[in-house]
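This report looks at the nonpolar core and the aromatic rings of one protein model. Please have the sequence and the structure open while reading.

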Amino acid sequence: MKSRFLSGKNSIVVLFIRGIVVLVLIYIVLEIWIRSDESYSFAKEAVINNPIIQERLGTIKSVSMGFLGHTLHYTGPVGEAHYKFTVRGSDSKGYVYMHLQRKTGIWNVVEANLIIDDEVETLIK
């Protein structure tokens, strides 16, 4: 006896919905994991405390990471991370692209760029 949920068009719809739900759950778990990682906290603090960013954007109101705005991988004390932050200040809005490396368990900013109105300003190189 066939299940009415697994016959014809219904089975495709059910499988599609289940697939979407699984992908959304995976995304949420990964985002929570990334945002709780030491590299994310380090990068966000570096953005907030950077005097050039404060000068160009004004008082920092918010720093957020966009959808899929990161890569992160490390094994033990060695690793690498890339983040794209949207930064809103009292005067303007910009984007910060940051590249970090982890050596001997310590994260360091390798490169950082501030982009405002399609103009790129190198913060660290």
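## Contacts of tyrosine 83

In this predicted model, tyrosine 83 touches Ile34, Ser39, Tyr40, Ala43, Met65, Gly69, His70, Leu72, Val96, Tyr97, Met98 and Leu100, leaving aside residues up to four places away in sequence.

## The nonpolar core

The largest nonpolar core has 22 residues. Those that touch the most other members are Val47, Ile53, Tyr83, Phe85, Val87 and Val96. At least two residues of this core come from each of the helices α2 (38-48) and α3 (51-57) and from each of the strands β1 (60-75), β2 (78-89), β3 (93-103) and β4 (106-116).

## Aromatic pairs

The whole structure contains 4 aromatic pairs. In one of them, the ring centres of tyrosine 40 and tyrosine 83 are 5.8 Å apart; the pair is edge-to-face because the ring planes stand at 70°, and planes over 60 degrees apart count as such. Tyrosine 40 belongs to helix α2 and tyrosine 83 to strand β2, so the pair ties together parts 43 residues apart in sequence. Both tyrosine 40 and tyrosine 83 are buried. Together with Phe85, Tyr40 and Tyr83 form one aromatic cluster.

Tyrosine 74 and tryptophan 107 also make an edge-to-face pair, with ring centres 5.8 Å apart and planes at 85°. Tyrosine 74 is in strand β1 and tryptophan 107 in strand β4, 33 residues apart. Tyrosine 74 is partly exposed, at 32% relative accessibility, whereas tryptophan 107 is buried, at 4%.

## Charges over rings

The charged end of arginine 102 sits over the ring of tyrosine 74, 4.6 Å from its centre. Lysine 84 lies over the face of tyrosine 95, 5.0 Å from the ring centre.

How values were computed
Residues numbered from 1 in each chain as written. Predicted model: local features only at pLDDT ≥ 70, side-chain atom pairs only at ≥ 80, totals over all residues. Heavy atoms only, no water. Core = buried A, V, L, I, M, F, W, Y, C linked by side-chain atoms within 4.5 Å. Buried < 20%, exposed > 50% of the residue type's maximum accessible area, 1.4 Å probe, protein only. Helix = DSSP H or I, 4+ residues; strand = E, 2+ residues; numbered from the N terminus. Contact = heavy atoms within 4.5 Å. Phe/Tyr/Trp six-rings, centres within 6.5 Å; stacked < 30°, edge-to-face > 60°. Lys NZ or Arg CZ within 6 Å of the ring centre and 35° of its normal.
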